[in-house]
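Hi everyone, thanks for letting me go next.

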Amino acid sequence: MIRRKMIALSLAMTAVLSLSACSSNQTAKKATTSSPSGTLSQVTYKHKVSYYRGGTTYSGKTRSLKLNTKKYTTKTITVNKQKIKVRCYTNLVYVSKPVNTKYQSMNIYVPEKYFHNKKINGYSKSTAPIFMPNNIGGYMAGTAGTLTAGAMSGGAPAGNKLSGKMQGSKPTGKAPSGSSNLNANGGASSTSATQAALAKGYVVAAPGARGRDTKQSGKYTGKAPAAIVDLKAAVRYLKFNQSRLAGNTNKIISDGTSAGGAMSALLGSTGNNAEYKPYLKAIGAANTSDSIFAAFVFAPITNLNNANTAYEWEFNGVNNISGASMTPGASNSQTKLTNKQKKLSKQLKQDFVSYVNQAGIKANGQTLKLNSDGTGSFATLIKKEIMNSAQTALNKGITIKTSKYPWLTIKNGKVTDVNLTKYFKSVGRSKTPPAFDALNVSQAENIEFGDSTTNAKHFTKFSQQRNTKSGATMADSSIIKLMNPMAYIGRKSQATMAKHFWIRYGETDSNTSVAVPTLLAQKLKNAGVDVNYHVQWNTGHAGDYDMTNMFMWVDSIAK
């Protein structure tokens, strides 16, 4: 009898343990299902595969994604009078079923010292961060970044080159498209940043990506969301090859300017999101994660759904057009707004007020709001950012005279006020309303939202309702969402977000509104992300400046 009771008790305990184990497994399974995952094996297509490839099919041999570690060259560069030997793995196609190998390829550069068990800046072969600059500008295609300026796509940037020297903390000054900090399309020149990163001991992986101008066999093959899909595939290639690659694939840091900055923000905000997976699977991306560690975001042309309205909130009442020829896609002949455009500007400004008031974004615990006249707590936040920009410059010893900047109030070396209306006028508009979704679908962003057979489309209801181009249509809402990081920030169950963002916007930049990067930064902060945001004094539409502090920041988060 006693033995029977013991057996029964043992069976009961076993059953309890089994139930407990089942419960534990179910919980783990549920957690795995709800959390973002990089796997592509179970992805299904809602459309034909060609839909996700810009209208093309793939019939070639599936390429291996395995990095051939024996195929490389070596080069020596000089950075700050220091010679650095670099191992170069070039022309690496990072997808197994490419649409266009010219752009879907990557160059990887590794300090040679790492292959001789040496350290650089405290990093080893296995711990070095991976710096991933993109060469995208104007939403056009960008080829893989190179080690030397002379080999850049489209030639070296005009203006003063850095010749491999790291920039100090002094701002670069006004930098319109075509300056030392921009490539021909308005994106960041990755060459100087690449060399500076190598000097700091980072591994550099510089991918190319398709863009709005990519076309082959009569099809547009680089329209949205091709660029961000390609960059995600490049991240996956790096992680797939983590055992064969120098550098820490858990410390990938993207970098981009202008449209490239938008891509960097997207890359950091949408890690492993399921909505991109059919596109990734269709081009043969690696079946692994596309989340990254951190993102450099310079002058981002992003949040396009609301970029028209943000621009007119800033520039409504500024009726003269200046610097338009410097802006990719902008008119270079018109000098004043027409009466019709003034009316559009006023309407768009009011739409931005509504957007901010419904966004629910907070700063210092206060929900940001705007009054009908454009003033309010959000305007106050912008004022503080501009004041901080000027104060930081003053603290660095830069002379700022109020006679030159009458919109500034400075007392005893302290910036005490900014007149936003006068400040916005001093920056000056460079685009006509609507600034990004032109009524005749002529802007660069319209062309970005075309499809395989249509060159350009609208992406806002405002412009679609006022369309002036015969036959123009609206881009698919799902595609528009895929290009906006604001749609994903804070949704941890849907995406793995980067832990750190470095966001910079030029104080004299008129390519988009200062409201755009400010809202991006605040929404990221609301989501608990580490954000280093600053409006750079006397700087235009530029990127990769203040590299000393930029890479000091990397060291502070990566070591």
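So, how many aromatic pairs does the count come to? This is a predicted model, by the way, and the count comes to 28 aromatic pairs.

Let's take one of them. The rings of F449 and F459 have centres 4.8 Å apart and planes at 35°, so we call that pair tilted. Both residues are in the loop between α10 and α11, so the pair ties together parts 10 residues apart in sequence. F449 is buried, and F459 is too.

Next up, W502 and W553. That's another tilted pair, with 5.5 Å from centre to centre and 50° between the planes. Here the pair links distant parts of the chain: W502 is in strand β14, W553 is in helix α14, and they're 51 residues apart. W502 counts as buried because its relative accessibility is 3%, and W553, at 8%, counts as buried as well.

Now let's move over to L266, in helix α4. Is L266 buried or exposed? Its relative accessibility is 0%, so it counts as buried. Beyond its neighbours within four places in sequence, L266 is in contact with several residues, among them I228, Y276 and M483.

Terms used. Residues numbered from 1 in each chain as written. Predicted model: local features only at pLDDT ≥ 70, side-chain atom pairs only at ≥ 80, totals over all residues. Heavy atoms only, no water. Helix = DSSP H or I, 4+ residues; strand = E, 2+ residues; numbered from the N terminus. Buried < 20%, exposed > 50% of the residue type's maximum accessible area, 1.4 Å probe, protein only. Contact = heavy atoms within 4.5 Å. Phe/Tyr/Trp six-rings, centres within 6.5 Å; stacked < 30°, edge-to-face > 60°.
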